[in-house]
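Trainee: Could we go through this model together, one question at a time?

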Amino acid sequence: MSLTNQRFVGSTQQELAPLRLEPLKVERQSITIPGLPAQLAPLTIAQLSDFHYDDTRLSERLLIEAIAAANAAHPDLVALTGDFITNAPTPIHRLTPHLSKLQSRYGVVAVLGNHDYYQHQARTIVTEALERIGITVLWNAIAYPFGEQFPVVGLADLWSGDFQPVQVMGQLDPDIPRLVLSHNPDSAVPLRRWRVDLQLSGHTHGGQIVLPNGEALPSFLLRLRQWLPRAIARRFWKECTKVILHWEWSQGYHRVGSNQLYVNRGLGTYFPGRWRCPPELTLLQLQSANTSE
Ligand SMILES: [Fe+2]
């Protein structure tokens, strides 16, 4: 089912402008986790992010396609990295019937994104709706779907005012590997203080527009500003860093010090659309250091 160049027109006033869309792309990434118990490896994790389910930014067709592709991979765990909604929380009740179809061996874990708490009560409404269908929502909390030897940490969003890595990471034995879900990739900076075998993030939508050289447009604009008059350069900086400071982490796999980070491009799309930046389902295969050789 291809959605190439399909124009999806929203039903609410503000976002009636058509979006340029691209077909779903399944990205496969193999990652070595030192100390991952041999009896668990390899582990397949399906990651989906940034649904922005609000009738304007994600078609039902693409959502169904992404969930079917995740299920077809028979993942051990599904990780959802936030922005289920955009502003009003009520569309979560139309999203959860779809998310309830996700299948995996050890369950579905989630963290919330910045859009999931902007409106009054949104955080509670989104969390309760997800938990009602059996999804574990982590807000500065630890889950053990794989057992004690490979915990899954979920942090509050970096911008929430309640991002508490000290409190959460401090509970873990430094000798034990861990998976960390954190919506905003910029959180990889403060997380350098701790062992993070793999951080899964979203938030950037990959920049949505990617230039032929593979660079996200905001990243290019930030580089460009050194040749611009100071006033315009300042404006560029303000606009381009609204979403993220580290545009070099706009998508894909990165090493951050000795930690590992993977950033999913998300499913939902903001105006004007996507260019060379397709919506993504990530299939991560985690190998133990011993089994990856
Ligand atoms: Fe988002």
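Trainee: Which residue in β14 does Ile 45 stand opposite?

Mentor: A word on the basis comes before the answer: this is a predicted model, in which local features need pLDDT of at least 70 and side-chain atom pairs count only at pLDDT 80 or more, while totals for chains, interfaces and linings use all residues. Residues are numbered from 1 along each chain as its sequence is written, and side-chain values use heavy atoms, with hydrogens and water left out. Strands (DSSP runs of E, at least two residues, numbered from the N terminus) pair if DSSP finds at least two bridges between them, and β4 and β14 (residues 280–288) do so in the antiparallel sense over 5 bridges. The residue in β14 opposite Ile 45 is Leu 284.

Trainee: Which are the edge strands of the open sheet?

Mentor: The sheet has 6 strands with mixed pairing, in the order β3-β14-β4-β5-β6-β7. An edge strand here pairs on one side only, and the two are β3 (25–33) and β7 (136–137).

Trainee: How many residues apart are His 52 and His 205?

Mentor: Both coordinate the iron ion through NE2, alongside Asp 50 and Asp 83 through OD, at 2.1 to 2.4 Å; donors are N, O and S atoms within 2.8 Å of the metal (3.2 Å for Na, K and Ca), and water is not among the atoms, so sites may look incomplete. His 52 lies in the loop between β4 (43–48) and α1 (60–72), and His 205 in the loop between β11 (198–201) and α5 (217–224), so that the pair links distant parts of the chain, 153 residues apart.

Definitions and conventions: Helix = DSSP H or I, 4+ residues; strand = E, 2+ residues; numbered from the N terminus.
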